[in-house]
Structures are given as C-alpha cells and as structure tokens.
Amino acid sequence: MIYYAILVACLLVLPVAAIAYEIPTHERITETSGDRSVAGQVLTGSLGLSDGLRTSVGGQRLLDWLTQGSRREDDPVRFLNHFHNPLASDWSQAGLLTSVGQSSILWGQNVSQGFPSWSWRDVRQLYFDALTRPTRADRDRGLGRTFEGLGRQVHLIQDAASPAHTRNDPHVLYNYEWLVDEVQRREPSTFEGWLTGSPDVPGAPDSGWRSLDSNSLAPVATARLIDADRYQGGNPLVTMEPLIGLAEYTNANFFSEDRIFTENDTNVQKRFPYPNRASATEQDFDVQVGTATVKRRYFVKTGDGATGYRLATVGLLRDYHQRFNLDWTRFRESPALDEAVYRDYAARLVPRAVTYSTTLLDYFFRGQVIAFGNDVSMGFQNLGEEAMDGTFALYYDDASEVRRPVLGATWARALAPGEFVEGLQLSAPTSPPAQDPGKYLLVFRGAMGSEADAVVGKQVMIESVIFPRLIKRKDGTPFRGYVVQAIDVGSGQVLSSGLTDDDGKARLSWKPGRTALFIPSVNFFPMFWAGGATFSSGIEGARVVQVSDLDPQRQVTIAIPVISAEWPERIEACTERPLFAHAPNGFFRQSVPVGDGLFDFISITYGVNLITFIRGDNGQELPLCGGEGSTACVDPAAGFVAEDVNRVGQIVGQLVRDMRSNHYRQLTDTDGRPIGQPICLNEYEEVEVVPVTVAERLI
Amino acid sequence: MMRWLRLALPCLCLLAVCSMALAQSPEGWDRYLDKYRGPYRGEVIDAETKAPLAGAVFVALWRRDRVYPFHIVTENYAVRETVADPEGRFLLEARDVEERAPRRTHRPEFLIFVPGYGSFPRFQRLPTGFLGGVFEGAGTTVELPRHQGREERRKNLDSIHPYSISDTPFKDIPQLMRRVNEESIAVGLSSYPPPENR
C-alpha cells in the first residue's frame with residue numbers, strides 16, 4: 001500500500017513546480033526592509049555597534065547575512081514549506097496542496113526543521129547567544145546567524161505576497177515572480193518604485209496584529225502577519241483593513257496562474273471565492289506588442305477588496321461565452337495573467353512585502369529597556385509597549401573580551417510597560433575586572449507581550465560609586481567643602497568630582513581598579529592619594545583604588561596631614577625680635593609701658609632684596625618675596641610637593657634670605673619723645689641661609 | 001526486490017516524462033540564454049565631467065534555474081569580471097561561459113563598481129529604463145554619478161553583496177573585492193576579510 005502512496009505522491013509532485021519571488025527579488029526586498037527597520041538603530045543604540053547593519057561579523061556585514069538568509073531559505077527542499085492558504089480549515093492543512101509541505105506559518109515556528117533549524121525560536125536563541133556567549137567568536141557567529149535567521153523569516157513573509165503561495169498553486173514557468181524578477185534586473189527604476197510606494201492605503205499592518213489571539217499551532221504573533229484569521233472567504237472587504245494578514249490580502253485580491261476565477265471549481269484545493277467575476281469589470285487598455293500598440297481587454301478589479309488594477313486578461317473565447325451563454329465550468333474562456341497584470345500586481349504586492357518584512361524585523365527588535373543608578377542603588381525600566389516577565393541579567397566583558405555574567409546581578413521581574421525597579425545592589429566585577437568598568441549588557445529573556453521567549457539586549461552604563469572621606473590626621477576632624485576627584489589612571493581624565501560634606505565625605509563615580517583619588521586643595525599643593533596617609537604629586541605614584549580599600553559602606557577614609565614650613569629664626573640681642581623675619585619690606589613698632597610716663601619703644605625696619613626657597617631634592621628655586629612686582633612674601637610651603645607630606649619633621653630645602661634690618665630701641669615719654677640715648681641702634685645686612693622643615697599643623 | 005522495482009520503474013518513467021515536458025515548456029521573455037550573447041562591452045564615464053573612469057570593475061553574473069519538484073531554484077552558475085581601460089572601456093568575452101551554459105541559464109546580470117561612484121545598475125545616471133541587453137553588440141556608455149557624502153557612499157556599498165555573487169568572491173571576482181574593500185575602508189567600514197582570515 002505504501003508503495004502506491006509514494007507513487008501517487010510522485011504523480012502529484014513531479015509534473016508541477018512553483019517559484020516564489022526569485023532569489024534576487026527576495027534579496028532586494030529584504031535589503032530594503034532591513035534598511036527601513038529599527039534593526040540598525042537597535043544595533044547602534046542598544047548594542048553599541050556603531051556601524052549598525054554594516055557591522056562586520058564572520059567575514060560579512062549583517063546586511064549581507066540578512067540577505068543571505070532570504071536567499072538560502074529557498075534551498076531544497078525548504079521551499080515546499082513556503083505556502084499558506086489562509087482559507088484552509090486549519091493551519092495544519094494550509095500548506096502546499098494541503099500536506100505536501102507545511103504551512104509557511106508553521107514552518108517559520110517549527111523548531112524541528114532540521115539541522116540547523118531556523119524557526120523563530122531558534123533565531124531568538126541565536127540572538128541570546130550573540131548577547132551572552134563567552135567568546136567574541138561565538139557571539140559574532142550568533143549575531144551573524146541571527147540575521148541569517150531573520151532573513152529566512154522575512155522570506156516567508158515575502159512569499160505571502162506572492163499569489164501562487166497563498167492560493168495553493170504550484171505553478172511553474174511564465175508567472176508573476178518571473179516578471180518581478182525581470183523588472184528587478186532590467187528596469188531597476190521601476191522596481192525601486194515598487195519597493196518604495198504602495199497605491200494601497202495603508203499598506204502596512206495595524207499594530208493590533210500583535211495582540212490577536214494566538215494559534216496554538218504557531219503561537220508566536222508573527223503568524224498574524226501572514227494570517228490574521230480575519231478573512232474567512234466571504235468577507236473580502238476586510239482585506240483592505242490594516243489589520244489583516246498578508247496572505248489573506250493576497251489570496252482575496254489576486255490571481256495566480258492556475259487559480260483564475262476558480263470560485264466555483266469543483267476541486268476544493270483550487271476553489272477560492274475571491275476575486276470572482278463579480279469583483280471585476282471589463283475594460284480595454286492599450287498595450288505594447290513589439291513596436292505596435294494594440295487594444296487588449298482586461299478584467300479590472302472594481303470591488304470586493306482592493307480595486308483599480310488589472311486582474312486578468314479577458315480570454316479569447318469571452319465573446320462566445322456571452323453570445324451563447326456557455327457554461328463557464330465546461331468551456332473555459334481561459335483568462336490569463338499577462339505582463340501588464342503582473343505589473344499591476346507587483347505595484348501592490350511588492351511594497352506590502354517590504355512593509356510586512358520590515359514589521360517582522362521591528363517586532364524582533366521591539367523590546368526596550370534601560371538601566372539607571374549606580375552600583376549602590378541601580379534599577380531598570382521597561383520602555384517598550386509590552387509587559388516583560390522574565391529574567392534580567394547583567395553581563396560584562398573582561399580585558400580579553402570574554403563576556404561574563406555579573407555575579408548576583410540576575411533578577412526575575414515582571415514589568416508592565418513603563419514600569420521600573422530600583423534599589424538593586426550590584427557588586428562591580430573585579431575578578432577578572434571589566435575591560436570598561438561601568439559598562440554592562442543588560443539582557444532580558446522571557447515573556448514579552450504574547451511572545452513567550454523574547455530576548456532583549458541593551459548596553460548600559462551603571463556607574464560605580466565610592467565615598468572618599470577626608471579627615472585631618474592630627475585630630476581626625478573632617479575636611480568640609482574640599483574638592484575630591486576620581487581620575488582614570490589610564491587616560492588621566494576626570495571621572496567625577498565632588499565636594500566633601502560636613503562629615504568629610506564626597507560621592508564619586510569610579511572605575512574599580514582604574515581610579516586614583518586627587519585632592520587638589522587641602523594643602524598648598526595638589527596631591528594624589530598614595531595609600532594610607534601618604535601622597536604623591538603625580539598620578540604614577542597614586543594608589544589605584546581597589547574594592548579592598550573600601551569599607552562596607554563603600555567608604556575610603558583618608559587621613560591627611562596638613563603641613564607647613566618651619567625654619568629657625570635668629571633673635572636680635574637688643575630688640576629681642578627676629579633679626580630677619582620672613583616678611584616683605586616693612587616695619588615693626590612696639591611701645592611697652594615700663595614705668596610712670598615711661599615707655600620701652602622698639603622700631604624695626606626690614607628690607608628685602610630676595611627671599612628664595614630652594615628644594616633640597618631637585619634644587620628647584622621658588623622666589624618668595626623681593627622679586628619683581630612682589631608685594632608680599634609667600635609661605636615657603638608653597639614650594640612643597642605632595643611627597644613632602646610624607647616627610648613631616650624632615651628638612652626639605654632651605655631659605656636663602658638676602659635682607660637688611662634696622663633695630664632701634666629707645667625709652668620715650670608718653671608723647672613718644674626720646675628720653676636719653678637709644679638703648680641700641682643696630683643695622684644688619686647679610687645673606688642668610690636657613691633650613692626649612694616640614695611641620696604638621698592644625699588648621 | 002520486485003516490489004521496489006514496481007515502484008521505481010514508474011517513478012523513473014515519470015521523471016523522464018516530466019523532464020521532457022519541462023524542456024518543452026515555453027521560456028518567456030528571453031529570460032534564458034538562447035545563444036552566445038557576448039561579448040559584453042561598454043564605456044564607463046563620470047556623469048558630470050564625462051571623463052572616463054579607468055579601473056571600473058565590470059562584473060557579469062550568470063544564474064541558472066534548477067528545477068525541483070514544486071519549485072525552481074535559481075542559483076549562480078558563473079561569474080566573470082574585467083576592468084575598464086584608461087579610456088573607461090571594457091570588454092568581456094565570456095564565450096566559454098555562455099557556450100557551455102546548461103539549459104535555463106539566465107542572460108547575465110551586470111554590476112559596475114568604481115570607488116566613490118554610484119554603481120550600476122542602481123545608481124547610474126545613464127542608461128535608464130529598460131536595461132536588458134544594453135551591453136550586447138555595440139554596448140553602451142554608462143554614466144556614474146560621483147558620490148560625495150560618506151553616507152551616500154555607504155549606501156552604495158549596501159547594495160553590493162559579494163557573497164551573493166559568488167561563494168568564493170576573493171577567487172572569482174578579486175578586482176571587485178579589492179575595490180569594494182578600498183571603498184569600505186575609505187568610508188570607515190570594515191573590509192571583507194579574505195577567507196583565511198574569516
């Protein structure tokens with residue numbers, strides 16, 4: 001028995017063959033829809049692939065992978081599964097000649113297509129691989145194959161805009177698809193026009209297709225792009241509504257080569273109620289035959305759905321039919337589809353193939369999430385139009401581009417559109433550290449809208465924060481209102497900057513393992529924290545802050561010695577005042593009562609040629625006063641560097657003072673008149689060199 | 001054994017009859033190569049200055065239809081390329097390709113690519129309209145517009161899919177690959193890596 005069944009199958013199979021849109025046509029439609037879809041924006045904006053669809057992976061651009069998929073979907077024997085009859089009683093019966101192949105809808109969601117399988121779910125898995133696989137090569141492979149898979153998925157959509165594929169018509173040779181291909185190759189400007197515009201309004205599906213009831217045979221909503229189950233065979237007007245499957249529109253409004261006016265066909269496989277003879281009126285058109293213009297009569301679609309185009313030629317026997325009232329079913333007048341008909345068809349079907357393909361790609365990339373906050377308190381939000389219920393997880397890349405999940409950063413959440421979660425804790429990865437600290441990939445996997453296993457990826461920045469606390473080493477009191485900065489040790493750029501609060505704490509974002517702390521103004525000089533209570537003047541000597549430096553509150557406490565300069569003074573014997581004070585040109589006056597109407601008056605004048613601080617380590621000289629234009633002396637500590645903080649009590653240089661002073665002491669009366677001879681009147685002029693020591697002080 | 005024979009013989013007969021039927025099917029629109037149509041020739045010039053575009057790559061791609069039950073699959077049959085001379089002229093013989101072409105080999109499709117210019121057949125200024133057979137006989141002059149903007153040049157590259165033309169483009173169309181890669185780098189895109197680096 002089985003042998004006869006196979007024989008019958010051969011009989012069915014061999015004499016007929018059909019072609020979908022030709023491969024180059026599929027490629028062009030796919031390329032156009034890829035270009036119009038959000039895919040490029042998602043790649044750029046969500047995944048950080050700045051070249052979008054032009055990104056190269058696996059030796060080709062993603063746009064190449066997409067078109068390659070649409071090309072390869074026609075490989076033997078996959079094409080047997082590219083038909084869908086929207087009027088079949090059941091989608092399991094909607095394939096080519098009912099059961100020769102699967103319905104294209106079922107095929108597109110069949111996870112058992114073979115190896116490899118390119119069902120929607122498989123493509124979702126490939127996309128998940130592209131986002132999460134550890135090695136760059138595997139991720140690239142996943143991304144390339146994701147786009148190949150999407151190319152295959154849109155191929156199925158495009159076939160639903162080919163009448164033969166929706167009318168159970170395995171026709172071969174001269175047909176609609178050939179014409180489209182010929183035009184694509186030889187009249188590219190005409191074809192370009194088909195790609196870019198549709199005479200039908202709106203031409204694109206209403207977004208309500210996403211929320212139509214799912215069919216258990218093919219539960220992913222994309223099935224509704226092909227068949228929304230709204231056209232039942234008796235209601236062709238519905239096919240002009242925007243909420244309609246592409247196969248329904250095509251089936252109800254166009255003929256295929258062997259399914260012309262078959263509304264009364266006795267073979268149920270061939271019987272399609274629309275278009276029918278009542279859907280059209282006859283009209284003459286001028287057509288070009290070679291160099292001659294001749295009249296040809298056509299059926300023009302005037303009702304029952306889409307209108308205003310040539311539906312078929314009127315057969316040569318038409319007049320006889322009318323004159324003798326012949327039975328249509330017995331004496332076929334053989335209307336046919338000619339080039340003009342095909343061109344009218346293509347002008348309506350090709351743009352729909354583009355828009356529906358674009359819609360499918362947009363659907364694949366529809367998910368939108370963002371993350372916000374920092375690792376102390378972060379959150380994420382569903383920015384899409386559909387609820388998300390699944391797992392959100394963070395991944396990061398280490399220095400070797402190995403992608404790793406962030407430990408503890410996986411959350412199962414259900415988020416309505418616009419809803420967010422916050423207050424989540426995150427431990428910035430340190431073992432191994434991130435290649436680009438703070439940069440993560442947020443990956444969602446789970447239910448989104450009616451899709452059970454959606455995948456969304458979004459590159460996010462989640463800053464990590466620390467709280468440097470600055471206190472005085474001497475007494476532990478906080479430094480309030482001082483600037484602290486986090487500096488990237490790699491680039492030297494300021495990552496963040498903050499002011500210390502009343503407790504001496506500042507809040508800074510940082511990159512673990514790549515950040516130094518810069519304290520510009522607590523001392524006279526800028527300094528980098530070098531660990532403990534030590535400091536450096538250059539970033540190369542700075543401590544690279546590690547997570548281990550932080551306490552549980554992410555605080556790093558830095559005790560800072562505030563330093564000043566000290567140097568010995570010589571006391572003038574008579575006035576008992578400094579012989580050469582560190583002072584600009586000036587004077588000192590003091591009058592102290594020593595008896596009734598008697599005062600001890602001291603007057604000292606200082607004259608500065610030059611006072612210079614010379615560092616001991618490198619001989620660097622800093623004029624402190626007496627230089628050109630100077631009006632006041634500068635503290636020698638101005639010549640200190642951050643390393644001097646580590647040298648409290650040590651001599652770090654010397655003061656060279658080239659000065660004069662005049663010391664005068666005299667007893668006076670209450671009116672300042674001298675009484676007797678001056679006690680002393682001494683003049684000094686010399687160059688004095690004194691050591692300068694680092695001292696810690698309170699401020 | 002006999003039972004299999006009873007099945008196999010009718011099937012073989014059907015196949016033979018089917019092949020004959022298909023062979024006799026009308027092949028419309030001069031879609032297929034009926035004879036040697038070459039050589040293919042033409043001239044490539046700058047659409048504005050009318051200066052010849054030396055080094056333009058002219059690629060001819062022949063596809064063929066392979067008939068399967070219920071389906072015809074179009075696959076690449078052969079590809080050839082040539083480069084325009086200093087006067088912008090090119091000539092592609094391809095006699096070997098066309099005279100040995102199997103049945104249902106399509107008449108060739110053409111691509112002309114010059115870095116920095118819109119390519120044929122998408123972006124040329126001339127010829128327009130029906131392009132069938134334009135490179136046959138005396139050939140034609142192709143005017144390519146200079147693309148100034150980076151995005152425009154990237155768009156032009158979007159229309160070229162080397163692996164759609166050949167599974168081994170670096171071997172079959174090396175001149176095209178060289179120029180596509182030059183253009184890719186010039187507009188800030190990654191070049192197509194040769195197979196050993198993929």
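Which residues in helix 2 of chain A meet residues in helix 9 of chain A? In this predicted model, A:P24, A:T25 and A:R28 are the helix 2 residues, and their partners in helix 9 are A:V180, A:D181, A:Q184 and A:R185. Sorted by class, this contact has 2 nonpolar, 2 polar and 3 charged residues.

Helix 2 covers residues 23-36 of chain A, and helix 9 covers residues 176-186 of chain A. Their axes come within 8 Å of each other and cross at roughly 65 degrees. Because angles of 65 to 115 degrees count as roughly perpendicular, helix 2 of chain A is described as roughly perpendicular to helix 9 of chain A. The crossing of these two helices is left-handed.

Chain A also has an open sheet. The sheet is formed by 3 strands in the order 7-8-11, with antiparallel pairing. Strand 7 and strand 11 of chain A are the edge strands, each of which pairs on one side only. Neighbouring strands in this sheet are turned against each other by 15 degrees on average, direction ignored.

| Strand (chain A) | Residues |
|---|---|
| Strand 7 | 369-373 |
| Strand 8 | 378-382 |
| Strand 11 | 420-424 |

How many bridges join strand 8 of chain A to strand 11 of chain A? There are 3, and the two strands run antiparallel. Across this pairing, A:Q381 stands opposite A:F420 in strand 11 of chain A.

How values were computed: Residues are numbered from 1 along each chain as its sequence is written. Chains are lettered from A and ligands numbered from 1 in the order in which they are written. This is a predicted model: local features need pLDDT of at least 70, side-chain atom pairs count only at pLDDT 80 or more; totals for chains, interfaces and linings use all residues. Two strands pair if DSSP finds at least two bridges between them. Helices (H or I, at least four residues) and strands (E, at least two) are DSSP runs, numbered from the N terminus. Axes are lines fitted to C-alpha atoms, for helices over the stretch in contact, and angles run from 0 to 180 degrees between N-to-C directions. Angles under 35 degrees count as roughly parallel, over 145 as roughly antiparallel, 65 to 115 as roughly perpendicular and the rest as oblique. A crossing is left-handed if the near helix is turned anticlockwise from the far one by less than a right angle, and right-handed if clockwise. Two residues are in contact if their C-beta atoms, placed from the backbone, lie within 7 Å. Ala, Val, Leu, Ile, Met, Phe, Trp, Tyr, Cys and Pro count as nonpolar, Asp, Glu, Lys and Arg as charged, and the others, Gly among them, as polar.
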